[in-house]
Amino acid sequence: MVDKRKLNKKKFKNWEEFEWGRRYWYEIEGKLGWKARYVKEVDISENALRFYQEIYDNEGRLIEVHHK
């Protein structure tokens, strides 16, 4: 059986734990100072609830969210 938690920790590197599950994320920095954060939210059993991309401007303000 595949250990979903181990795979998520390996891919995303960052996470927060909540009563309902976990939020994993990783970030990519752009050449002009912007940043994209890829976020995966999972339930307690590590089943995906949501996956989305957050776009931040060069001052760190959230400007867009793209749900996948």
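This report covers the strands, turns, salt bridges and surface of a predicted model.

Local features need pLDDT of at least 70, side-chain atom pairs count only at pLDDT 80 or more, and totals for chains, interfaces and linings use all residues. Residues are numbered from 1 along each chain as its sequence is written, and side-chain values use heavy atoms, with hydrogens and water left out.

**Helix H1 and its ends**

Helices (H or I, at least four residues) and strands (E, at least two) are DSSP runs, numbered from the N terminus. Helix H1 spans residues 4-12, and aspartate 3 caps its N-terminal end. A side-chain oxygen of aspartate 3 lies 3.3 Å from the backbone nitrogen of arginine 5. Lysine 13 follows H1. Its place is the loop between H1 and strand E1 (14-17). Most residues other than glycine have a negative phi. Lysine 13 has a positive phi, near 65°. Lysine 13 counts as exposed because its relative accessibility is 58%. The classes are: buried, under 20% relative accessible area; exposed, over 50%; partly exposed, in between (1.4 Å probe, protein chains only).

**Strand pairing and hairpins**

Strands E3 (35-43) and E4 (48-56) run antiparallel and are joined by eight bridges. Two strands pair if DSSP finds at least two bridges between them. Lysine 40 has phenylalanine 51 of E4 as its bridge partner. The hairpin of E3 and E4 has four residues between the strands, and there glutamate 46 takes a positive phi near 70°.

E4 also pairs with strand E5 (residues 62-67), in the antiparallel sense, over five bridges. Glutamine 53 stands opposite histidine 66 in E5. The E4 and E5 hairpin has five residues between the strands, with glycine 60 at a positive phi near 85°.

Glutamate 54 sits in E4. At 12% relative accessibility, glutamate 54 counts as buried. Its side chain makes a polar contact of 2.6 Å with the side chain of tyrosine 56. A polar contact is a pair of N or O atoms within 3.5 Å; within protein, one must be able to donate a hydrogen and the other to accept it, and residues adjacent in sequence count only if both atoms are side-chain atoms. Leaving out residues up to four places away in sequence, glutamate 54 touches Lys35, Ala36, Arg37, Val39, Leu62, Glu64 and Val65. Contact here means heavy atoms within 4.5 Å.

**Salt bridges**

The whole structure holds ten salt bridges. Each is a side-chain nitrogen of Lys or Arg within 4 Å of a carboxyl oxygen of Asp or Glu. The table lists some of them.

| Pair | Closest N and O atoms |
|---|---|
| Arginine 5 and glutamate 46 | 3.3 Å |
| Lysine 35 and glutamate 27 | 3.7 Å |
| Arginine 37 and glutamate 27 | 2.5 Å |

Glutamate 46 forms a salt bridge with arginine 5. Glutamate 46 lies in the loop between E3 and E4 and arginine 5 in helix H1, so this pair ties together parts that are 41 residues apart in sequence. Glutamate 46 is buried, at 6% relative accessible area. Arginine 5 counts as partly exposed, at 32%.

Arginine 37 forms a salt bridge with glutamate 27. Arginine 37 lies in strand E3 and glutamate 27 in strand E2, so they tie together parts that are ten residues apart in sequence. Glutamate 27 is partly exposed at 33% relative accessibility. Arginine 37 is partly exposed, with a relative accessible area of 21%. Lysine 35 is partly exposed, also with a value of 21%.

**Arginine 23 and its surroundings**

Arginine 23 is in strand E2 (residues 21-29). Its relative accessibility is 24%, so arginine 23 counts as partly exposed. A network of salt bridges links Glu16, Arg23, Glu41 and Arg50. The side chains of arginine 23 and glutamate 41 are joined by a polar contact of 3.2 Å. Not counting residues up to four places away in sequence, arginine 23 touches several residues, including Asn14, Trp15, Phe18 and Tyr52. Arginine 23 and glutamate 46 are 10.0 Å apart in space, C-alpha to C-alpha, and 23 residues apart in sequence.

**A nonpolar patch**

Phe18, Trp20 and Leu49 form a nonpolar patch on the surface. Together they have about 270 Å² of accessible area, from the Shrake-Rupley method with a 1.4 Å probe, where for residues only the protein chains shown count as cover. Patches are made of residues with over 30% relative accessible area and no salt bridge: like charges are joined within 9 Å, nonpolar side chains (Val, Leu, Ile, Met, Phe, Trp, Tyr) within 5 Å. Phenylalanine 18 is in the loop between E1 and E2. At 33% relative accessibility, phenylalanine 18 counts as partly exposed.
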